[in-house]
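Here is a briefing on charged side chains. Look at the structure first, then read the points below.

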Amino acid sequence: MTNRSLTRDEAVRRAALLDVASYDVALTISDDPIFTSRTVVRFTCAEPGSSTFVELADAHAWTATLNGGDVPQDRREDNRIRLDDLLADNELVVEATLPCVTSGDGMHRYVDPADDATYLTAFCGSDLAQRVFACFDQPDLKATVTLSVAAPEDWTVLGNGRPITTDDGVRRFATTPPISTYLFVVSAGPWHSVAWEHAGLPFAWHARRSLADALEREAAHLREVTEACFDHYTDLFDEPYPFDSYDQVFAPGLNWGALETPGCVTFRDEMLAPDGGSHTDNQLRAMVIAHEMAHMWFGDLVTLRWWEDIWLNESFADYMGFEVAQTAAGFEATWAWFTLSREHTGYAADERRSTHPVAQPPESVVDTDTGFANTDMITYSKGNAVLRQLVTWLGPDTFAAGVNRYLGAHRFGNADLADFLTALDGVSDRDVRGWADAWLRTTGFDTLVVRTDDGPPVLHREGSRPHRTQVTTYDVRGGRLVAAGQEQVDVAADPVRLAANAGQVVLPNSSDETFARVRPDPESWSALLAGVGTIADPQARAVVWTTGFDLVGHAALAPSSLVAAALEQLPGEPLPSIWEAVVERLLEVTLPRHVEPADVPATREALTRLADRTTSPDLALPARRLMVSCTADVQRLSAMLEDEPDPDLSWRILVRLAELGAVDADRIERFETRRPSAQARTGAARALAALPTTEAKERAWDVFSADDVDNRVFHAVGLGLWTPEQAELSAPYVERYLDQAPVWAARRGQGFSRAIGGVFPLHAVTEATRERLRTALDGDVPTVLRRAWNDRLDDLDLDLLVRRARRTSR
Ligand SMILES: [Zn+2]
């Protein structure tokens, strides 16, 4: 049985026909890997006598009655049950027995290796509610939800509404306002909880029982960030907070960073690090808290009608996440971190064949799977950057007024791009629609180039969009770059003569308010790269570093030059998130994709020196992590391990020792069983897969390809299986992966499919790999995996092109 993706045409027809009033959902859950659901749906039909269908996916067994009459079993085809002879007012009752999953797509079941406790969470985006209860699974058929759950007595059960009664082991929850099916959540298990009241509402954080110490340690900070964000939003938005409680759960197995389910947000449980995280880990978590809370208004109160407008959810939440983490939650220069750690994914996405306008043409999002595949870094990262330019262009007050008009007009309903533009148009006398045509309905990005031609600098735009942006001028004094002036310029077709004098160093878009590639004049660029560490403004430092990465990625700068600049200037970097973001890109992009294989050991050695030269206490943890992942000094690693560092670092050391072939499987397994935990499970899976022997790779493959492999173990094994220095040893498994991945993707779900595509080994950058991937794409590959593979193919093509260009220029 396959699960058919709902098409846009079907969704439009069904929305015209039906009006769904309510869902009463009764679940029975336990330790077992199956559960039951009984759903009563009340809905009206505009054309009595007609037919429709309700979705129910993967049910082991089901029965249904429509208006009191049985629905025959043969009415079920794939994940749909046909409903005939509709009345004006209808009541549908569906009872089903359903499987739990380990893929993160549906009712995810997780057994904690630390204490064998079971946790269940229903992850329902973007069309997985139908794996939990029978429903009309499309975003514009909103209905109230009344949930009741029978669960083991020692479990805490969380849902969208607040719990109101418990009767004979059955917990009943308050009825929600109208919400979309993808926003349903239930999360259950023996949670450790920290609860409090704020602004008259119940708030709480929940984590696995085995993470109780970590939750208690972080509780004060988590509460502080939560309240700061909440107060910020309730001040900014005219609409009051729309729901009756605010739970936040570190839920194991989530495929996303977090999900914005109303009243009960789920987070990746890795965001609660057992040993404490780095500055950037904490900043990331604050940003995600702010992001998800913004969704309570953007996405939950007002919801997209169909997936072409996913940007109305995600671009806003992404923008708000960084903005509010910086202005309200106490994290300095969060936008500088955006520039370095996230925005580049938007440019990369915009250079692939799969790019699309931020606001997509409706007809291009043919079905839910396509909508899911296109929820990408155009949606998040570019959309965020484009909104930042809109705020600069309109002014923050006008932007806020437009947003409030939009939220007020569509509360508890659905809206689209036209509605948003109408709201903005109503508060601004600028040409908002013209701006939207240039920025939201096009693909690609402009380049801002400074040319001097031996005279004063002039800013040119290569492209088609209007930009309002800052330009900063620097003098070089005693080897330092000292800001000498800053001007805001509006750049369009005509070049702009800048205020700087000939010979001064000029950095365009120095506050990164616009989404454009930056190309300083060559003299300025040399000075900027040589002196980036001396620039006072962290945002400008981030723009220089990100421009360096962009030049490396397009063969205009040697990777070794960028690594040398990092080695020279990063150890003194005062803002931890800039240090961490530069290092992350060096490790995850430059090293695997742009450094020639022969130069990898020397680059790793340089990065080890960078770690050793970094002495700031704020960077002690990330510097140790960097050292461990780069050094080839087995003695040093072994000595560190003997000092028994915290489990996170221990596992990083073991993985590196495994890659170097300096530890055996027995020792890894002993380490895992000595102190079992979620971290130990994935750490051991990765380390075992990274061992440089055929037996280890064969064993890893068996785990990787098992029918019920858990999403986190799958990812960990993927990382180990394809260790960059073991290309020859792992080559046969690339073949097997390309053969079998489409079958896995068809069987599991959208989130897991993306994870399957995500483990494709980019570092195996050879013509042969590329050809093999091209051939695989000629076969039958499900939508979400196909998209991920096509993107990997584009990345391979770009990398091969860049390498060829670099070799030619040598
Ligand atoms: Zn989001």
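**Charged residues in a predicted model**

Asp-32 counts as partly exposed because its relative accessibility is 44%; buried means under 20% relative accessible area, exposed over 50%, and partly exposed in between (1.4 Å probe, protein chains only). This is a predicted model: local features need pLDDT of at least 70, side-chain atom pairs count only at pLDDT 80 or more, and totals for chains, interfaces and linings use all residues. Residues are numbered from 1 along each chain as its sequence is written, and side-chain values use heavy atoms, leaving out hydrogens and water.

**Salt bridges**

- The structure holds 52 salt bridges; each is a side-chain nitrogen of Lys or Arg within 4 Å of a carboxyl oxygen of Asp or Glu.
- Asp-437 and Arg-441 form one, at 3.2 Å from N to O.
- Asp-437 is partly exposed at 43% relative accessibility, and Arg-441 is partly exposed at 46%.
- Asp-710 pairs with Arg-681 in a salt bridge, with the closest N and O atoms 3.3 Å apart.
- Asp-710 is buried at 8% relative accessibility, whereas Arg-681 is partly exposed at 23%.
- In the salt bridge between Arg-770 and Asp-797, the closest N and O atoms are 2.2 Å apart.
- Arg-770 is buried at 18% relative accessibility, whereas Asp-797 is partly exposed at 24%.

**A buried aspartate**

- Asp-446 is buried, at 0% relative accessibility.
- Its side chain makes a polar contact of 2.8 Å with the side chain of His-467; such a contact is a pair of N or O atoms within 3.5 Å, where within protein one must be able to donate a hydrogen and the other to accept it, and residues adjacent in sequence count only if both atoms are side-chain atoms.
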